[in-house]
Amino acid sequence: MKIKSLAFRLVAGAVLWTVAAVVAGGILLSAVFRSYIERAFDAQLSVLADALVAASTVGADGELQMGHGLNEPRFDQPYSGWYWEVMDDHGPLLRSRSLWDQVLSPDLRLLGGGRLQQLEGGKPLRIVKRDVTLPGSDKNYIFAVSGDRAEVEREIQTFNVTLAWALGALAAGLVIAVLIQVQYGLQPLRRIRAALADVSSGRADRLAGDYPVEVAPLVSEINTLLDNNAAVVERARTHVGNLAHSLKTPLSVLANAGDDPKSEGPLAETVRRQVANMRRQVDHYLARARTAAAGAILGARTEVAPVIEDLTRTLTRIHAERNIEISQNAKAGIYFRGERHDLEEMLGNLMDNACKWAASKVRVSAAPVKGRIRIIVDDDGPGLGAQERETAFRRGKRLDEEVPGSGLGLSIVKDVAELYGGRVSLADSELGGLRAVLEIPAAEAAAAG
């Protein structure tokens, strides 16, 4: 999940909110439980203090006497943390056996009910006291009962651990639920991305399928944009074709006039030369315009092997008198991300040049290489030197005037390939002649079904 993705933002926001809510809820629950436990503990001490008062009487001699009203064995265990003590204005009168040789406080009158107290070297205590005047006496007695504070803390700690595990599990469950919700909620956007990838790679020409009402307008707008783009490109193609026809007719008239025997002379030669130059320029720029328009179409794709097979049959017939053997090795299922006409334009020029210069053999192979298609055209002709290979790509440049052609073939191949983000290069062939290497973008094969 990428940091800048929408899914990360949704999950991160939900996680932060969940953690904050769980932590705040845990603190609140812990505080409520602590308050409850402390009140329950104080209530228990209060009950014991009331029982202690109820078990106390004043004898005929005015001395305080203690009955057996407290049934708490911890009061008999030395330093158990559970103590009781009774005192008057002169000091302690009675105390539990658990206190042994100590007192709860030098002066219980200074302690408030529920206040913490710690004996010397002992445990932290919570004390509840009663100021009582017993029947048969006019003295004011202070009854105090204490309990071990550690018991409260142990219960609170146990609760907090359990609460932490429970809230941790709850938070993990909420985060997992958020992840599932985000994954499910963003699924339509992933489907749109996959559909756009299909359009870009040529497997589809529009976004198909049913989408939620929230994203359906987006899909509709994208399809409208794709349709408008295709319509604009088609109009551009039509204009290019019309321009080609409108230019070729007057050029043909001028060419015929220049070839007329009655028009021999410097002017006729100039007309023929300029008409040939104009034809080359028109063919060159019309090819560029047509390719640029085709490249703007999303979803264009062409299988390479059938194009090579068709060109092989055609060129074999054209060069039949020279007995040129054209062999091919193109894997099936390789698709060019572009239009068939442009692939035919590039391969046709490369293969035709090879046939023109070959002594007897031309070999064509095509294979995928790292997301691209590499097409190699070899011949057993005379080949070209390094300087001649560079010159061969110049527009209108012919290396041998005796070989028919306009000098635009390799230039057009180079321009068309570059418009598609590809390239063409020349090298020495294993057959002894020239090798032309064409690299063009590949499209994925259409999905089955």
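**Entry 1: terms and source**

I first noted that helices (H or I, at least four residues) and strands (E, at least two) are DSSP runs, numbered from the N terminus. I am working with a predicted model, in which local features need pLDDT of at least 70 and side-chain atom pairs count only at pLDDT 80 or more, while totals for chains, interfaces and linings use all residues. Residues are numbered from 1 along each chain as its sequence is written, and side-chain values use heavy atoms, with hydrogens and water left out.

**Entry 2: the end of α2**

I looked up Gly 185 and found its place in helix α2. Gly 185 is partly exposed, with a relative accessible area of 46%; here buried means under 20% relative accessible area, exposed over 50%, and partly exposed in between (1.4 Å probe, protein chains only). I then looked up Pro 212, which lies 27 residues from Gly 185 along the chain, and the C-alpha atoms of the two are separated by 9.9 Å.

**Entry 3: the whole protein**

I recorded nine helices and 14 strands in the protein. Of its 449 residues, 37% are buried. I also looked up contacts (heavy atoms within 4.5 Å), and among those between residues at least 6 apart in sequence, 61% join residues at least 24 apart.

**Entry 4: confidence**

I checked pLDDT, the predictor's confidence in each residue, from 0 to 100. The mean for the protein is 79, and 80% of its residues reach 70 or more. Confidence is lowest in strand β5 (residues 116–118), with a mean of 57, and highest in strand β12 (residues 372–379), with 93. Over residues 396–407 the pLDDT is below 50, although this stretch has 23 contacts in the model beyond near neighbours in sequence. I remind myself that where pLDDT is low, the predicted coordinates should not be read in detail.

**Entry 5: α1 with α2**

I returned to α2 (residues 149–185) and looked up helix α1 (residues 6–54), whose axis comes within 9 Å of the α2 axis and crosses it at roughly 160°. Axes are lines fitted to C-alpha atoms, for helices over the stretch in contact, and angles run from 0 to 180 degrees between N-to-C directions. That angle makes α1 roughly antiparallel to α2, since angles under 35 degrees count as roughly parallel, over 145 as roughly antiparallel, 65 to 115 as roughly perpendicular and the rest as oblique. By class, the contact of α1 with α2 has 21 nonpolar, four polar and six charged residues. For these classes, Ala, Val, Leu, Ile, Met, Phe, Trp, Tyr, Cys and Pro count as nonpolar, Asp, Glu, Lys and Arg as charged, and the others, Gly among them, as polar.

**Entry 6: α6 with α7**

I next looked up helix α6 (residues 304–318) and helix α7 (residues 340–357), which pack at an angle of about 45° with their axes 10 Å apart, and these two helices are therefore oblique to each other. Residues of α6 including Val 307, Leu 311 and Leu 315 meet residues of α7 including Leu 343, Leu 347 and Met 351. The residues of this contact of α6 with α7 divide into ten nonpolar, two polar and four charged.

**Entry 7: two positive phi values**

I looked up Asn 323, whose phi is near 55°, a positive value in a residue other than glycine. Asn 323 is found in the loop between α6 and β9 (325–330), and is exposed, with a relative accessible area of 64%. Lys 370 also has a positive phi, of about 50°, although it is not a glycine. Lys 370 is found in the loop between β11 (361–369) and β12, and is exposed, with a relative accessible area of 83%.
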